[in-house]
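This briefing sets out how one protein chain is put together in its model. Please keep the sequence and the 3D view open while reading.

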Amino acid sequence: YDLVAVYPKTEKLFHAACMTFDVDVICVAVTEKQPFFFKRSPVNGAIERGVFFEISYAPAIRDSTIANSISLVEMCKGKNVIVTSGAEKPLELRGPYDIGNLGLLFGLSEGDGKSAISTNCRSVHLHGETRKTALGIVHTMKKDQPLTERQEDVPASKRAKIETA
């Protein structure tokens with residue numbers, strides 16, 4: 001998989017996800033009352049490790065509860081936050097400018113709101129991509145044969161020599 005996301009339900013799991021788990025995204029329940037408070041030390045540890053926090057806007061619009069989002073944004077100071085739809089119906093989708101304005105309701109600044117829907121999403125994808133590589137240094141791909149040596153273009157006599165070599 002390219003991206004690994006977790007949805008911690010307890011404080012212990014949230015702390016482990018922030019500090020030790022090899023994940024890209026930590027999802028936060030926007031509409032549910034969290035059984036714990038977000039603490040600055042695990043959140044900062046996750047930010048240093050390049051882990052991002054996901055806030056879904058459609059459930060927040062549906063139930064008009066954004067308290068969890070505001071407390072998370074306060075703890076991470078608007079850094080490493082992505083805003084996703086979480087939409088169940090097409091009518092719950094919003095445009096990028098609307099989502100940026102919703103970020104203001106969540107406590108993000110204007111610049112952080114724009115980053116939450118653009119550059120931070122790209123950073124999450126790159127963080128997931130480095131898991132498949134050797135820390136982003138080596139990336140292997142299967143190479144196709146050059147056009148001149150494809151089996152259809154090579155005569156049968158030469159094809160036999162290529163296969164034996």
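Two residues are said to be in contact when they have heavy atoms within 4.5 Å of each other. By that criterion, and leaving aside its neighbours within four places in sequence, Phe 14 is in contact with Pro 8, Ile 26, Phe 36, Phe 38, Val 43 and Phe 53. The model is a predicted one, in which local features need pLDDT of at least 70 and side-chain atom pairs count only at pLDDT 80 or more, while totals for chains, interfaces and linings use all residues. Residues are numbered from 1 along each chain as its sequence is written, and side-chain values use heavy atoms, with hydrogens and water left out.

**Overall fold**

- The secondary structure comes to eight helices and four strands, where helices (H or I, at least four residues) and strands (E, at least two) are DSSP runs numbered from the N terminus.
- Along the sequence, these elements follow the pattern β-α-β-α-β-α-α-β-α-α-α-α.
- Of the 165 residues in the chain, 35% are buried; buried means under 20% relative accessible area, exposed means over 50%, and partly exposed lies in between, with a 1.4 Å probe and protein chains only.
- Among contacts between residues at least 6 apart in sequence, 72% join residues at least 24 apart.

**Nonpolar cores**

- A nonpolar core is a set of buried Ala, Val, Leu, Ile, Met, Phe, Trp, Tyr and Cys residues joined through side-chain atoms within 4.5 Å.
- The largest such core has 29 residues, and those with the most contacts inside it are Phe 14, Ile 26 and Phe 53.
- Two or more residues of this core come from each of H1, S2, H2, S3, helix H3 (57–63), H4, strand S4 (81–84) and H5, and H4 gives the most, with four residues.
- Apart from this core lies another, of five residues, among them Val 25, Cys 27, Phe 52 and Val 124.

- In H2, the buried residues are Pro 42, Val 43, Gly 45, Ala 46 and Ile 47, and they pack against H1, strand S3 (52–56) and helix H4 (67–76).
- Ser 69, found in helix H4, is buried, with a relative accessible area of 1%; leaving aside its neighbours within four places in sequence, Ser 69 is in contact with Val 30, Ile 55 and Phe 106.
- Lys 77 is found in the loop between H4 and S4 and has a phi near 55°, a positive value in a residue other than glycine; Lys 77 is exposed, with a relative accessible area of 59%.
- Asn 80 is also placed in the loop between H4 and S4, with a positive phi near 55° in a residue other than glycine, but Asn 80 is buried, with a relative accessible area of 14%.

**Salt bridges**

- A search of the whole structure finds two salt bridges, each defined as a side-chain nitrogen of Lys or Arg within 4 Å of a carboxyl oxygen of Asp or Glu.
- In one of them, Lys 39 pairs with Glu 11, and the closest N and O atoms are 2.8 Å apart.
- Because Lys 39 lies in the loop between strand S2 (25–28) and helix H2 (40–49) and Glu 11 in helix H1 (residues 11–19), this pair ties together parts that are 28 residues apart in sequence.
- Both partners count as partly exposed, Lys 39 at 46% relative accessibility and Glu 11 at 34%.
- Glu 110 forms a salt bridge with Lys 114, with the closest N and O atoms 3.9 Å apart; the two residues are four apart in helix H6, and so are separated by about one helical turn.
- Glu 110 is exposed, with a relative accessible area of 55%.

**Largest pocket**

- On a 1 Å grid over the protein atoms alone, where a 1.4 Å probe fits, a pocket is an open set of points with protein on both sides within 12 Å along at least five of seven lines, and lining residues have an atom within 4 Å of a point.
- The lining of the largest pocket consists of Pro 96, Tyr 97, Gly 100, Asn 101, Leu 104, Glu 110, Lys 114, Ile 117 and Ser 118.
- Helix H5 (96–106) and helix H6 (110–117) each supply at least two residues of this lining, and H5 provides the largest share, five residues.
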